[in-house]
Amino acid sequence: GIVVIGKGVMQVDRRDAMSATEGLGCKMTECVFRAPPLNGVLAGSMYVQNLPSLVVPHILAPLPSDSVLDMCASPGGKASHAAALMQGQGSVLALDRTEAKVQVIREWESTLGLPNLKAMNADSTALLENDNHYSTTARRPRGSRAP
């Protein structure tokens with residue numbers, strides 16, 4: 001397929017756009033860039049993400065001195081995006097329980113040149129079972145309120 005980057009107007013609400021499997025979610029009003037099929041051409045320069053994955057690191061807004069833990073990191077887009085926003089400083093630990101998926105994230109570490117991104121094979125559901133300390137000290141994203 002052809003990659004097109006453009007500006008558009010949503011035709012449905014956000015919830016419907018993210019859950020629909022077919023139909024028109026956004027009508028393009030202006031084509032900004034039209035590229036031929038990528039076929040790996042920009043593999044080291046660009047990482048294609050869907051909208052929810054793209055927004056998460058910006059909502060988190062990590063500072064270069066922060067530490068970020070992605071507890072279900074595969075395929076690594078949000079973790080690598082956070083690491084890039086942190087300008088290669090701080091640390092992003094990307095966990096996944098499947099070693100093959102961790103290897104993919106490690107490839108992104110190298111390809112994108114993100115020294116602050118580290119991938120590790122771990123089952124995050126079992127890491128903190130007996131440690132209540134972390135559930136009360138975790139930092140909320142900037143601007144968010146307590147429930």
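Predicted model: local features only at pLDDT ≥ 70, side-chain atom pairs only at ≥ 80, totals over all residues.
If you walk along the sequence, the pattern reads β-α-β-α-β-α-β-α-β-α-α.

Now, the fold as a whole. The protein has 147 residues, and 21% of them are buried. Its exposed surface comes to about 10,300 Å², with carbon and sulfur atoms supplying 55% of that. Then there are the contacts: take those with a separation of 6 or more, and 60% of them come from residues 24 or more positions apart.

Let's zoom in on some charged side chains. In general, side chains of opposite charge can pair when their charged atoms come close. How many salt bridges does the structure hold? Two.

One of them joins Glu30 and Lys7, at 3.9 Å from N to O. The cut-off is 4 Å, so this pair counts. Look at where the partners sit: Lys7 is in strand S1, residues 3–10, and Glu30 is in strand S2, residues 26–35, so the bridge ties together parts 23 residues apart in sequence. Glu30 has 40% relative accessibility, so we call Glu30 partly exposed.

The other salt bridge brings the side chains of Glu99 and Arg106 together, at 3.1 Å from N to O. Are these two buried or exposed, or in between? Glu99 is partly exposed, at 35% relative accessible area, and Arg106 is partly exposed too, at 31%.

That's my bit, thanks!

Notes: Residues numbered from 1 in each chain as written. Heavy atoms only, no water. Helix = DSSP H or I, 4+ residues; strand = E, 2+ residues; numbered from the N terminus. Buried < 20%, exposed > 50% of the residue type's maximum accessible area, 1.4 Å probe, protein only. Contact = heavy atoms within 4.5 Å. Areas by Shrake-Rupley, 256 points an atom, 1.4 Å probe, with all protein chains shown as cover.
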